[in-house]
Amino acid sequence: MTPEQFEQQMREQGYEIATVERPANGSLDLHTHPFEARALILEGEITIISEGKMQFCRAGELFQLDANIPHTETYGPAGVRYIAARKNA
């Protein structure tokens, strides 16, 4: 799926679109978001741990996270850049 296809599909489903960049070897401690998130990784990699499950994603891959789910995020040695699609719960 191209970035353009992803954005179009998400907009058609009522999601707001944003591009997110995170630093190399960075992380976010346990937190939640008040929105459902879907993302297409453009560059780098991200690991998300939630509810005892790990999602590891690289460029070209998708991840999904439901609203209000506690999770942590860790970014790879090149950081990560992705298109985030967000819809309030």
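E7 is partly exposed, with a relative accessible area of 22%. That value comes from a predicted model, as does everything I say today. Buried would mean under 20%, so E7 at 22% falls in the partly exposed class.

What does E7 pair with? R11 forms a salt bridge with E7. The closest N and O atoms are 3.2 Å apart. Both residues sit in helix α1, which covers residues 3-12. They are 4 residues apart, so about one helical turn separates them. R11 is partly exposed too, and its relative accessible area is 49%.

How many salt bridges does the structure hold? There are 3.

Next, R38 and E36. Their side chains meet in a salt bridge, at 3.4 Å from N to O. Is E36 buried or exposed? E36 is buried, at 18% relative accessible area. R38 has 23% relative accessibility, so R38 counts as partly exposed. The cut-off for buried is under 20%, so E36 at 18% is on the buried side.

Then E43 and R81. This salt bridge has its closest N and O atoms 3.1 Å apart. E43 lies in strand β3, and R81 lies in strand β6. The pair therefore ties together parts that are 38 residues apart in sequence. Both partners are partly exposed: E43 at 45% relative accessibility, R81 with a relative accessible area of 24%.

The largest nonpolar core has 11 residues. Among them are V20, A39, I41, I46, I48 and C57. F63, Y75, V80, Y82 and A84 belong to this core as well. Which elements give two or more residues to it? They are β3, residues 35-50, and β6, residues 71-88. A second, separate core has 6 residues, including F6, M10, L40 and I83.

Look at I46 inside the largest core. Set aside residues up to four places away in sequence. I46 then touches I41, Q55, F56, C57 and F63, among others. The list of residues it touches also includes E73, T74, Y75, V80 and Y82.

Now the aromatic rings. The count comes to 1 aromatic pair. Its members are F63 and Y82, with ring centres 5.7 Å apart. Why is the pair edge-to-face? The planes stand at 70°, and edge-to-face means over 60 degrees, so this pair qualifies. F63 lies in strand β5, residues 62-65, and Y82 lies in strand β6. The pair therefore ties together parts that are 19 residues apart in sequence. F63 is buried, and Y82 is buried as well.

Last stop, H31. Where is it? H31 is in strand β2, residues 27-31. Its side chain reaches the backbone oxygen of D29 at 2.7 Å. The side chains of H31 and E73 are joined by a polar contact of 3.2 Å. Which residues is H31 in contact with, leaving aside neighbours within four places in sequence? They are I69, P70, H71 and E73.

To recap. The structure holds 3 salt bridges. The largest nonpolar core has 11 residues. F63 and Y82 make an edge-to-face pair. And the side chain of H31 has a polar contact with the side chain of E73.

Terms used
Residues numbered from 1 in each chain as written. Predicted model: local features only at pLDDT ≥ 70, side-chain atom pairs only at ≥ 80, totals over all residues. Heavy atoms only, no water. Core = buried A, V, L, I, M, F, W, Y, C linked by side-chain atoms within 4.5 Å. Buried < 20%, exposed > 50% of the residue type's maximum accessible area, 1.4 Å probe, protein only. Contact = heavy atoms within 4.5 Å. Phe/Tyr/Trp six-rings, centres within 6.5 Å; stacked < 30°, edge-to-face > 60°. Salt bridge = Lys/Arg side-chain N within 4 Å of Asp/Glu carboxyl O. Polar contact = N/O pair within 3.5 Å; in protein donor to acceptor, adjacent residues only side chain to side chain.
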